Amino acid sequence: MSISSFSVFNALLVYSIMLGAICLMCKWTDFLEKGGGPVLWVASIVAVLRMVLPFEIPLTHEIRFWNLLGAPQRFFRTYPIVVQVLLVVWVIGAAVFIIRDFWMLHLAYKKCSSYTTKKSEHVQEIAARVGINCPVVLSPDVEIPYVMGIFRYTIYLPYSELSERDTELILRHEAQHIKSHDVWIRLGFGILSEFVWWNFLARPFQNAVDKILELRCDANVTKGMTEEEKSEYLTMLLRMSDRVVDRKEGLALAMNEFGVVEKKRTTMHQRFRVIDAVRKGRSSRYVRPIATCLVLILFFASYLVIFQAASAPSTEYLQDDSRTRYHENYDGPENEDKATDTFI
C-alpha cells in the first residue's frame, strides 16, 4: 500500500460523495422509519475512515484523464509554488477554525458557570434512581435540558414545574448521551469538519451527525419500554420542544436534543415518526443489514478504482542517453533503425 497525491484526491472525493449521500438520506423520513438511522451511523464512520485512510493498493485500477485532471497537474507542475500556497492556506484555515471552536467551548463553560442555580432534593433523588453520578444543575437560565462537558459531565435542567415522570425521562435521555460518549463523538466529528473547512458539505454533515446521534439516543432509551412508556416519552419530547421559542444559537459541544440540530420542527417530527414506527412495528428488519452491507461493499470497492491524471513526463524524468530516443508521435519500431528502437 502507498499514499500518493491522487490517492488523497480520490479519498477526499469519495468522502465528499458519501457526505452528500448521508445528508440527503437524513432527510428521507421513510428510510429512517424502516431502520435507516443505524445505517447512516455506519456510513458516517465509513466516510471518515475513507478520508483518513487514503491508501492506494496493488489491485487498484487506474482511470486516467488527460484534460480533466491532466491540465491541473501540468499547471501545478509548472507552478509548484501554487501547491505550497494552497497547503499553507489549508493548514492555517484548519488551525483558525479549530481554535475558534475551542474558544467557543471555553465561552460555553464560562457561561454555564455564571448560571443562577437552584436546589431540589427531589430531582437529585430521581437522578440517583436513574443511576446518574454526575452533577445535575437546575437553573432558571436554562431553557431546555442538555448535557455539557468533556472529562467531567454536567446535566443542566430548566428550573420549572416539571412532573416527576418528565424529569425521569429527561434524565434517562441525558444519561444515555453520557453512556454513548456522544459529546466526544461530536467533538471528533467537529474537529474533522473544521480540518476540511473548505468542503461546503462539512457543516451539513455535522448537522446530520447530530441528528443521527439523537435518533440513536432515542432508540436506546426507548428500547424495552412498553407502549405506554413510549407514549410518555414522546409526550415529554413534545412538551420540551414547545419550550423552544426563538431559540438562540446553542452552546458549543452541548448535547441539546431539542435544539442542537435545527431551528425547524423537521427534526423533532422525524424523531416522533421513527419512535412511533418502532412502536407500531412499521420498521423493517431487512433494511438495516442489507443497507449496511451495501455501505461496506461500496467502501471496499472505492479502493479498487483510482482517478489519475495523464500527461507527458517532465524533462527531469527523461534520460540523457544516446540509445534512447523520445518522440511525441511514435508509430512503432519497425519504421526505425533496429539499433535505436527504444522509445518512450
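This is a predicted model: local features need pLDDT of at least 70, side-chain atom pairs count only at pLDDT 80 or more; totals for chains, interfaces and linings use all residues.
**Ground rules.** I number residues from 1 along each chain as its sequence is written, and side-chain values use heavy atoms, with hydrogens and water left out. Local features need pLDDT of at least 70, side-chain atom pairs count only at pLDDT 80 or more, and totals for chains, interfaces and linings use all residues.

**α5 and α6.** I looked up how helix α5 (residues 121-130) packs with helix α6 (residues 164-179): the angle is about 50 degrees and the axes are 10 Å apart. Helices here are DSSP runs (H or I, at least four residues), and strands likewise (E, at least two). Axes are lines fitted to C-alpha atoms over the stretch in contact, with angles from 0 to 180 degrees between N-to-C directions.

I then listed the contacts (heavy atoms within 4.5 Å). On the α5 side I found His122, Val123, Ile126, Ala127, Arg129 and Val130, meeting Glu164, Thr167, Glu168, Leu171 and Arg172 in α6.

**α7.** I checked burial (under 20% relative accessible area, 1.4 Å probe, protein chains only). In α7, 10 of 14 residues are buried, among them Arg186, Phe189 and Glu194. The buried residues pack against α1, α2, α4, β3, α6 and α8.

**Tyrosine 156.** I found tyrosine 156 in strand β4 (residues 154-158). Its relative accessibility is 9%, so I log it as buried. Leaving out residues up to four places away in sequence, tyrosine 156 touches Cys112, Tyr115, Val137, Val142, Ile144, Pro145, Tyr146 and Met148. Aspartate 141 is 15 residues from tyrosine 156 in sequence and 9.7 Å away, C-alpha to C-alpha.

Note on methods. Buried means under 20% relative accessible area, exposed over 50%, partly exposed in between (1.4 Å probe, protein chains only).
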